[in-house]
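Dear colleague,

Please find the structure below, handed over for your records.

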Amino acid sequence: MTLKNQITQSILNSESPKTLGIVITDGVGFRNFVLSTFLEEAARSFPKIVIFSGLPYTAFPELDAAKFTIVELPVFTETKKNWFWRKLKEVAHLQKHKTNPGIADNYEMNKAKSWSPHGILVRAVYAVSSVFNSEKNILKYEQFQEQSFANDAVVKQYGQLMQEHQPDLLFFTHQRPPFIATLVFWAKKLKIPTASFIFSWDNLASKGRMAASFDYFLVWSELMKIELLRFYPFTKSEAVSIVGTPQFEPYVLPQFDIPKAEFYETFGLNSKEKILCYSCADATIGPNDPLVIATLAEGIRNGAIKPCQLLVRTSPAEDESRFAETKAKYPEIKWNHPKWELTREGHPEPWSQRVPTLEDLSMLKAILKFCDLNVNMLSTMSLDFMLFEKPVVNTAFGNGNNGLYNDQRFLHYEHYDNVVKSGAVKIAKNQDELFNAVNAYLENPELDLENRKKLIAMQVGKPLEKTTRACVEALKANL
């Protein structure tokens, strides 16, 4: 090719329409990137958008087919060989960074408890990773993992789909689901650059290895960027963009507003009394939820807590069955069970197939806006309430000695240690501390407000109104 032809081709390539591929893995990714304005913003910058979806096609009925192509991904089932190399990669990462309290805790929890065939494999993973856990070793395990699933029939289908739709950039809305390693594998083969959004504030400093190696990253804040560069040292600083997080954007969008009177009527609340909201974790990490709810209800009944009414929002990851006894004993409690719809039956991870409704996001916004105080077990929901300048009490009733689920250990996790040090919340380790903290905030909701604002500024790096635009600009810059 002559120099003139090379220059002409270069100009044509630079001006050719770009296709953005977006990987939506689950219901939370759907909430963050479909129910926000992200797709609307992306459609202004990319003439073609292909959504590679871990959810069924029917989860996207509102999207304009002229702008968006939905590709429903067949379900990939991991084999024992795939699992072994993935687990070795993950545990080696934990081993390498286990001076970090959250990662050390994760490392201990994943150890084998039995001598079953699976337990023996886990022990082998721990034995190998205790010696070979450098970043180069971890990347080598990733190569072996890719080799182990390269000939899988479903993975080959993924390759066919990628070649058919030819995205110029493949954007992952979550960095952890194991199956996305298969898509990154094909992106590498087809020389398609990849970018990933870091899903949650605790993922880097307490979780295991990402599912794969990405070329670019979108993070919440400067704090998260520092964490990413520390835990993934081969990452270049210029490959990381600070964009905030779209999960909070509905809080500034008028279409999610509910009138105050409608909110009170929905739950039968008394407009003359303050509202205390307890937001639950799921049963795996919130087994103390029923105890804390009962403690609050008793405190309100007997006057140990200043006059108020209790509204409980359960986790969208489960139904309300574990609270049946609490409901029967305390009929005065008001309950909000998130309306997330199951989009597919028979999936190996059914929780991933639940998507939030617009109605539920609107009700969540109303809860944050109209409740006076939040209590939760060290949850991200603390940030949600702080965005509305509401005071927050975090409970940690369990320790290693009292027979309860030991949630006090989370106080030492790096992401939560930042909260402890910030003074943005009050922490209650027992009933008396809970009552004192709740009463202090009911009496003076401005207490610790400046600390809450500083924590939000540290954790959420962009104004909510600018988050999805920042995401799109970051993706454009990486093409």
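At 14% relative accessibility, Glu41 counts as buried (buried means under 20% relative accessible area, exposed over 50%, and partly exposed in between, with a 1.4 Å probe and protein chains only). Its salt-bridge partner is Arg469, and the closest N and O atoms are 2.6 Å apart. This pair links distant parts of the chain, 428 residues apart: Glu41 is in helix H3 (residues 38-45) and Arg469 in helix H20 (residues 467-477). Arg469 is partly exposed, at 24% relative accessibility.

The model is predicted: local features need pLDDT of at least 70 and side-chain atom pairs count only at pLDDT 80 or more, while totals for chains, interfaces and linings use all residues. Residues are numbered from 1 along each chain as its sequence is written, and side-chain values use heavy atoms, leaving out hydrogens and water.

In the whole structure, the search finds 28 salt bridges (a side-chain nitrogen of Lys or Arg within 4 Å of a carboxyl oxygen of Asp or Glu). Helices are DSSP runs of H or I with at least four residues, numbered from the N terminus.

Glu135 pairs with Lys96 in a salt bridge, with 3.1 Å between the closest N and O atoms. Because Glu135 lies in helix H7 (residues 135-149) and Lys96 in helix H4 (residues 80-96), the pair ties together parts that are 39 residues apart in sequence. Glu135 is buried at 6% relative accessibility, whereas Lys96 is partly exposed at 31%.

Conventions
Helix = DSSP H or I, 4+ residues; strand = E, 2+ residues; numbered from the N terminus.
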